[in-house]
Amino acid sequence: MNASDGAGDLGLRPLAADEWGDEEYAAYGSLLRMPSDRVPRFGSGHMYDPERFSVVGTFVRHPALAEAFWGFNGYQLQRSSLPLRWRELAILRVAHQRRSAYEWGQHVKIALDGDITAAEIDQLALGNAGFDGTDRLVLEATDELLVDGRISDDLLPRIEAQLDTHQMMDLVFVVGTYSMLAMAFETWRLTPEPGTAPLPPPPPPATAPA
């Protein structure tokens with residue numbers, strides 16, 4: 001298969017059923033943490049059936065890249081020191097700020113299955129008002145990482161007082177990883193999965209005092 005196969009008018013399309021082979025299933029297995037022969041097959045109806053996730057079928061167009069990346073991303077989603085709540089608040093903020101509809105829709109589902117409410121997700125799309133404690137610090141840190149590429153001298157000691165060293169490191173890498181993924185998803189023109197939450201509009205710009 002030519003490396004450029006699968007390009008449509010814009011972006012990439014996911015692999016079709018007859019395009020999956022041993023290399024692609026092995027790559028997907030690196031995300032699921034299972035050997036290739038146990039990976040759910042395309043069209044199987046399994047909860048991890050690759051047909052259900054256009055991102056999976058698109059990523060495995062480059063199996064070596066997918067396998068290398070998913071080994072790391074699997075750590076972030078399954079074994080990170082960062083609690084699900086803080087991780088998903090950060091990822092949703094990245095998706096909203098980077099305007100990634102696919103990323104937003106997927107992680108709203110994950111957040112709702114955790115302990116983040118629909119009302120909190122609606123509020124997150126409007127800004128940081130309504131959040132306090134460590135939730136607020138995580139959102140502020142995410143904002144600074146996206147805008148400035150670092151956590152400021154003012155915020156850093158305050159968030160370090162709440163997160164341990166591993167959690168601080170994991171937070172930076174989560175923000176960086178999902179910012180990179182948002183770029184990939186938008187470049188590939190991934191269409192949000194059916195039934196996922198639509199990306200809210202960006203918050204209105206702040207009005208300068210008269």
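Trainee: Leaving aside neighbours within four places in sequence, which residues is Gln106 in contact with?

Mentor: Contact here means heavy atoms within 4.5 Å, and by that reading Gln106 touches Phe53, Glu193 and Thr196 once its neighbours within four places in sequence are set aside. This is a predicted model, in which local features need pLDDT of at least 70 and side-chain atom pairs count only at pLDDT 80 or more, whereas totals for chains, interfaces and linings use all residues. Residues are numbered from 1 along each chain as its sequence is written, and side-chain values use heavy atoms, with hydrogens and water left out.

Trainee: In which helix does Gln106 lie, and is Gln106 buried or exposed?

Mentor: Helices are DSSP runs of H or I with at least four residues, numbered from the N terminus, and Gln106 belongs to helix α5, residues 101–113. A residue is buried under 20% relative accessible area, exposed over 50% and partly exposed in between, with a 1.4 Å probe and protein chains only; Gln106, with a relative accessible area of 13%, is buried. Trp104 also has its place in helix α5, and at 2% relative accessibility Trp104 counts as buried. Leaving aside neighbours within four places in sequence, the contacts of Trp104 include Leu92, Ala95 and His96, as well as Ile121, Leu124 and Ala197. Trp104 and Ala197 are 93 residues apart in sequence, yet 7.3 Å apart in space, C-alpha to C-alpha.

Trainee: What is the relative accessible area of Asp18?

Mentor: Asp18 has a relative accessible area of 70% and is therefore exposed.

Trainee: How many Å should the 16 residues of helix α3 span?

Mentor: The expected span of a helix is 1.5 Å times one less than its number of residues. Helix α3, residues 63–78, should therefore span 22 Å, and its end C-alpha atoms are 21 Å apart, which agrees.

Trainee: How many of the 14 residues of α4 are buried?

Mentor: In α4, 12 of the 14 residues are buried, so this helix is largely enclosed by the rest of the structure. Among the buried residues of α4 are Arg85, Arg87, Glu88 and Arg93. The buried residues of α4 pack against α3, α5, α6 (118–124), α7 (133–148) and α9. Just after α4, Arg99 takes a positive phi of about 60°.

Trainee: Which residues lie nearest the centre of the largest pocket?

Mentor: On a 1 Å grid over the protein atoms alone, a pocket is an open set of points where a 1.4 Å probe fits, with protein on both sides within 12 Å along at least five of seven lines, and lining residues have an atom within 4 Å of a point. The largest pocket is lined by 28 residues, of which Leu31, Phe53, Leu77, Gln106 and Ile110 lie nearest its centre. The largest share of this lining, seven residues, comes from α5, while α1, α2, α3, α4, α5 and α9 each supply at least two residues.
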